[in-house]
Amino acid sequence: MKFFIDTANLAQIKEANELGILDGVTTNPSLMAKEGIKGHDAVINHYKTICEMVNGDISAEVISTEFKAIVEEGKKLAAIHPNIVVKVPMIKDGVKAIKWFTDNGIRTNCTLCFSAGQAILAAKAGAAYISPFIGRIDDSGWDGVVLIEQISRIYKLQGFKTKVLAASIRNALHIVKCAEAGADVCTCPLESILGLLKHPLTDIGLAKFLEDAKKTA
Ligand code: G3P
């Protein structure tokens, strides 16, 4: 399973990248706004910077919702860097645009997926990635990991090439559960990635080893 970081924060991207386990980055308009990125040029420059920092797929989201506008915006985003993947919402014009991008050699990440039916449509249109938002599904009282399992099973059975990119990750356990459920990628906040490191027995064991090492000094 690949690890992407779900942020537009450059310090966090740098920290995850320096761990040596980072395969890519996903962003969205909310994450860009959180970093205070304002204006078209600033957004484009921010994507450029991320592409220069990380050698992997970088999702850049369109904010248009009408077919022609999505295509025009997506073409501009794709021109920033070969690693850009155009993130397109799961709406009717979005599906149409994903098919257009597929036919024109531009890779897409279909975002805001909350059902297996949506994931089938995205795969039919040729999306490189489907992003089911598992944390938001959990928040609404359902089990997001079950959706990852279901989509992974359908894609395998049907031979779809679209990669399952588990998004809206809230904690380290989500990452483990998504790995078990067959996700191809998990896009996570830095905190959830670092959460994988934690175990009290590791801390207790290390303290004891370091204490005993003093006896051998
Ligand atoms: O980038 C899409 C997704 O990961 C958003 O997560 O935490 O806003 O539900 P969240």
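Trainee: Is the crossing of α1 and α3 left-handed or right-handed?

Mentor: Keep in mind that this is a predicted model. Helix α1 covers residues 10-18 and helix α3 residues 40-53, and their axes come within 11 Å, crossing at roughly 15°. Angles under 35 degrees count as roughly parallel, so α1 is roughly parallel to α3. As for the hand of the α1 and α3 crossing, it's right-handed.

Trainee: And how are α8 and α9 oriented to each other, roughly parallel or roughly antiparallel?

Mentor: Take helix α8, residues 144-158, and helix α9, residues 172-181: their axes come within 9 Å and cross at roughly 25°. This crossing is right-handed. With the cut-off for parallel at under 35 degrees, α8 and α9 are therefore roughly parallel.

Trainee: On to the ligand. Which side chain has an N or O atom 2.4 Å from a ligand oxygen?

Mentor: For K87, a side-chain N or O atom sits 3.3 Å from an oxygen of the ligand. S168 puts a polar side-chain atom 2.7 Å from a ligand oxygen. The 2.4 Å pair belongs to D6.

Trainee: How much of the ligand's accessible area does the protein cover?

Mentor: On its own, the ligand has 310 Å² of accessible area. Around it you'll find D6, N28, K87, F133, R136, A167, S168 and R170.

Conventions: Residues are numbered from 1 along each chain as its sequence is written. This is a predicted model: local features need pLDDT of at least 70, side-chain atom pairs count only at pLDDT 80 or more; totals for chains, interfaces and linings use all residues. Side-chain values use heavy atoms; hydrogens and water are left out. A residue is near a molecule or strand if one of its heavy atoms lies within 4 Å of it. A polar contact is a pair of N or O atoms within 3.5 Å; within protein, one must be able to donate a hydrogen and the other to accept it, and residues adjacent in sequence count only if both atoms are side-chain atoms. Accessible areas come from the Shrake-Rupley method with a 1.4 Å probe; for residues, only the protein chains shown count as cover. Axes are lines fitted to C-alpha atoms, for helices over the stretch in contact, and angles run from 0 to 180 degrees between N-to-C directions. Helices (H or I, at least four residues) and strands (E, at least two) are DSSP runs, numbered from the N terminus. Angles under 35 degrees count as roughly parallel, over 145 as roughly antiparallel, 65 to 115 as roughly perpendicular and the rest as oblique. A crossing is left-handed if the near helix is turned anticlockwise from the far one by less than a right angle, and right-handed if clockwise.
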